[in-house]
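Colleague: I am new to this structure and would like a guided look at it. Could you take me through the main points?

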Amino acid sequence: MTPDIQRVLVVGCGGAGKSTLARELARQAGLPVVHLDRYFWRPGWVATPVQEWCAIVAGLVAKPAWVMDGNYGGTLDLRIPAAELIVFLDLPRRVTISRALRRWARWRGRTRPDMAPGCPEKVDMAFLRWLWNYPRDSRIRLLRALDRHGAAARVVRLRTSREVRLWLGAAASPGLPSMRPLSAGQLGT
């Protein structure tokens, strides 16, 4: 990535690989990584109250450099305008659900490194329903938020695992790679 990009937001469905990509981008660019799950969840999978959560996110995005991953639609209006590059992992449902299930099998009963302490990996019907409905519900809200707030950032949409690998490999090279750019006003399907 180019040195002028200091704030990168990675968004997409659960199981899309946001945390993995954010961690690798941060490593390549020498930027701090911010996994929003670590800040949102409290032990026992207790959510942070809305006002407190918004204040936490505002403090995180105010920092001069980061690679941040996470969904949390209620704070997109804070995160999108602060980002200089937004990577939208727009992978198919079959990929995200199978990855989420593999992640659960790998970490079942233990806390992932990108998760808040006291939140062991789990899969329940509410999470599976959210994954299944993501293309219809959350994805549309994300695209609208990108359209409303993302005009100043470069948005890259990656639709396959192969595109993610190719783009990540190119990101390690000088110059900013692009693949399926998504500009304001392009709500794609």
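This is a predicted model: local features need pLDDT of at least 70, side-chain atom pairs count only at pLDDT 80 or more; totals for chains, interfaces and linings use all residues.

Colleague: How many helices and strands does the chain have?

Modeller: The secondary structure comes to 8 helices and 7 strands.

Colleague: And what share of the residues counts as buried?

Modeller: Of the 189 residues in the chain, 44% count as buried.

Colleague: Let us turn to charges. How many salt bridges are there?

Modeller: A search of the whole structure finds 11 salt bridges. One of them joins the side chains of Glu 84 and Arg 7, with an N to O distance of 3.5 Å.

Colleague: Why does that pair tie together parts that are apart in sequence?

Modeller: Glu 84 lies in the loop between helix 4 (76–82) and strand 6 (85–89), while Arg 7 belongs to strand 1 (residues 7–12), so the pair ties together parts that are 77 residues apart in sequence.

Colleague: How accessible are the two partners, Glu 84 and Arg 7?

Modeller: Both are given as partly exposed: Glu 84 has a relative accessible area of 24%, and Arg 7 has a relative accessibility of 23%.

Colleague: Which residue forms a salt bridge with Glu 52?

Modeller: That is Arg 42, and the closest N and O atoms of the pair are 2.5 Å apart. Glu 52 sits in helix 3 (residues 50–61) and Arg 42 in strand 3 (residues 41–42), so this pair links distant parts of the chain, 10 residues apart. Glu 52 is partly exposed at 38% relative accessible area, and Arg 42 is partly exposed at 30% relative accessibility.

Colleague: What does Lys 122 pair with?

Modeller: Lys 122 forms a salt bridge with Asp 124, with 3.5 Å between the closest N and O atoms. Lys 122 is partly exposed, with a relative accessible area of 38%, and Asp 124 is partly exposed as well, with 30%.

Colleague: Which residues are linked in a network of salt bridges?

Modeller: The network links Asp 37, Arg 103, Arg 112, Asp 114 and Glu 121.

Colleague: Changing topic, how do helix 5 and helix 6 pack?

Modeller: The axes of helix 5 and helix 6 (residues 125–133) come within 9 Å and cross at roughly 155°. The two helices are therefore roughly antiparallel to each other, and their crossing is right-handed.

Colleague: Which residues meet there?

Modeller: From helix 5, Arg 93, Ile 97, Ala 100, Leu 101 and Arg 103 take part, and they meet Phe 127, Leu 128, Leu 131 and Trp 132 of helix 6.

Colleague: And at what angle do helix 1 and helix 8 pack?

Modeller: Helix 1 (residues 18–29) and helix 8 (residues 161–171) pack at an angle of about 15°, and their axes are 10 Å apart. They are therefore roughly parallel to each other, and the crossing is right-handed. Leu 21, Glu 24, Leu 25 and Gln 28 of helix 1 make the contact with Val 164, Trp 167, Leu 168 and Ala 171 of helix 8.

Colleague: Now a single residue. Is Thr 96 buried or exposed?

Modeller: Thr 96 is buried, with a relative accessible area of 1%. It is found in helix 5 (residues 93–107), and its side chain reaches the backbone oxygen of Arg 93 at 3.1 Å.

Colleague: What is Thr 96 in contact with, leaving aside its neighbours within four places in sequence?

Modeller: Thr 96 is in contact with Cys 13, Gly 14, Gly 15, Ala 16 and Leu 91.

Colleague: What about the backbone: what phi does Trp 45 have?

Modeller: Trp 45 has a positive phi of about 60°, although it is not a glycine. For background, most residues other than glycine have a negative phi. Trp 45 lies in the loop between strand 3 and strand 4 (46–47).

Colleague: And where is Tyr 72 found?

Modeller: Tyr 72 is found in the loop between strand 5 (66–69) and helix 4. Its phi is positive, about 50°, although Tyr 72 is not a glycine. At 14% relative accessibility, Tyr 72 counts as buried.

Terms used: Residues are numbered from 1 along each chain as its sequence is written. Side-chain values use heavy atoms; hydrogens and water are left out. A salt bridge is a side-chain nitrogen of Lys or Arg within 4 Å of a carboxyl oxygen of Asp or Glu. Helices (H or I, at least four residues) and strands (E, at least two) are DSSP runs, numbered from the N terminus. Buried means under 20% relative accessible area, exposed over 50%, partly exposed in between (1.4 Å probe, protein chains only). A polar contact is a pair of N or O atoms within 3.5 Å; within protein, one must be able to donate a hydrogen and the other to accept it, and residues adjacent in sequence count only if both atoms are side-chain atoms. Contact means heavy atoms within 4.5 Å. Axes are lines fitted to C-alpha atoms, for helices over the stretch in contact, and angles run from 0 to 180 degrees between N-to-C directions. Angles under 35 degrees count as roughly parallel, over 145 as roughly antiparallel, 65 to 115 as roughly perpendicular and the rest as oblique. A crossing is left-handed if the near helix is turned anticlockwise from the far one by less than a right angle, and right-handed if clockwise.
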